[in-house]
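Me: I've just opened this one and I'm new to it. Can we walk through it together?

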Amino acid sequence: MIQKLFERLLKRPERSVQMPRPIEAGFKDYEAVGQEFLGHFQKLGGLRADHAVLDIGCGYGRMASPLVRFLTDQGSYCGFDTDAEAVAWCRKHVNGEGAPFRFDHLDVANRHYNRDGVYAGDAVEFPYADGQFDFVFLCSVFTHLLPATVDHYLEEIHRALKPGGSCFGTFLLLNGESRALIAEGRSKIPLCQDRGDYMTNDPDDPERGIAYPERDIRQRISQAGFTLIEPIHYGLWCGRKEFLSYQDIAVFRKSEI
């Protein structure tokens, strides 16, 4: 089970992913987390082996890795990240056995991974055609995006999805339960400043960790043209005793029309 959000080193490679050195990139166990989320993608998001898939914030291929063996030659994978080093690593080491795999670097300004980026997050256009994908996922991405960028990403996801396509996203959602647990000091993420439309764990670097009111995320998803697939699956992050994963998981679908 996942115990920490921003963890240490990745050590164990997938069979088709050769890792030349430990990578500082998120959760502790590269293989186990990828496999866990592949199961979530299928069970909660309806991912199929013949789907065209978009991975937003692909990093070092943690989620792409299990898709190497899952997707058939009828499917496809595209992933992008603001971290050029991570994208270059994926291009070299993560290769589909059937489906084509493509990794793109988006030159978006990011104080942690791409300080000199050309584009702002709330203005960049994803380099993909309208209606190209059946399934889009973002793991630990919305938890680092400011409100205007969340709205813009939702618009771009809607554009890039086929009618009836689904998006799987993880969040830190503020509701009655999570706020109470935070107030009791049970949260594993020390959210310390309320900025009105979100809370952050670092006032000097708010994008390090952002939690949104659940009602606002529901509204943003609806305004972008999606239907939320109930229920939301709440996570461990705030100190819950019953949970599905670390962050809260929401799946939403684009209309068939």
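This is a predicted model: local features need pLDDT of at least 70, side-chain atom pairs count only at pLDDT 80 or more; totals for chains, interfaces and linings use all residues.

Me: How many aromatic pairs does the count come to?
Reply: The count comes to 17 aromatic pairs. Rings of Phe, Tyr and Trp (its six-membered ring) pair if their centres lie within 6.5 Å; planes under 30 degrees apart count as stacked, over 60 as edge-to-face and the rest as tilted. Take Phe80 and Phe126: their ring centres are 4.9 Å apart and the planes sit at 50°, so this pair is tilted. Phe80 is in strand E4 (residues 76-81) and Phe126 is in the loop between strand E5 (101-105) and strand E6 (133-138), so the pair ties together parts 46 residues apart in sequence.

Me: What's the mean pLDDT of the chain?
Reply: The mean is 89, and 89% of the residues reach 70 or more. pLDDT is the predictor's confidence in each residue, from 0 to 100. Over residues 1-27 it stays under 50, and the model has 80 contacts beyond four places in sequence for that stretch. Contact means heavy atoms within 4.5 Å.

Me: Which residues form an aromatic cluster?
Reply: Phe37, Phe41, Phe135, Phe137 and Phe168 form one. Phe168 is also among the contacts of His40, along with Gly45, Leu244, Ser245 and Ile249, leaving aside neighbours within four places in sequence. His40 is in helix H1 (residues 30-43) and counts as buried at 10% relative accessibility.

Me: New topic: helix H6. Which of its residues are buried?
Reply: In H6 (residues 214-223), Glu214, Asp216, Ile217, Arg220 and Ile221 are buried. They cover an arc of only 160° around the axis, which puts them on the same side of H6. That arc is the one made by the directions from the helix axis to the C-beta atoms.

Me: And what's on the face turned away from the buried side?
Reply: That face carries the exposed residues Arg215 and Gln223.

Me: What do the buried ones pack against?
Reply: They pack against helix H4 (147-160) and strands E7 (161-171), E8 (173-174), E11 (210-213), E12 (226-233) and E13 (248-254).

Me: How many cavities of 30 Å³ or more are there?
Reply: The count comes to one, and about 30 Å³ of space lies in the largest cavity. On a 1 Å grid over the protein atoms alone, a cavity is a set of points where a 1.4 Å probe fits but cannot get out, and lining residues have an atom within 4 Å of a point. Grid points are joined across faces, edges and corners, and a volume is the space filled by probe spheres set on the points.

Me: Which element gives the most to the lining?
Reply: H6 does, with four residues. The lining includes Glu214, Ile217, Leu228 and Ala250.

Me: Where's the cis peptide bond?
Reply: The bond from Glu230 to Pro231 is cis, with omega near 0°. Thr227 touches Val251, Phe252 and Arg253, not counting residues up to four places away in sequence.

Me: Last one: is Lys254 buried or exposed?
Reply: Lys254 is buried, with a relative accessible area of 13%. Its place is in strand E13. Lys254 and Gly165 are 89 residues apart in sequence and 5.5 Å apart in space, C-alpha to C-alpha.

Key: Residues are numbered from 1 along each chain as its sequence is written. Side-chain values use heavy atoms; hydrogens and water are left out. Buried means under 20% relative accessible area, exposed over 50%, partly exposed in between (1.4 Å probe, protein chains only). Helices (H or I, at least four residues) and strands (E, at least two) are DSSP runs, numbered from the N terminus. On a 1 Å grid over the protein atoms alone, a cavity is a set of points where a 1.4 Å probe fits but cannot get out, and a pocket is an open set with protein on both sides within 12 Å along at least five of seven lines; lining residues have an atom within 4 Å of a point.
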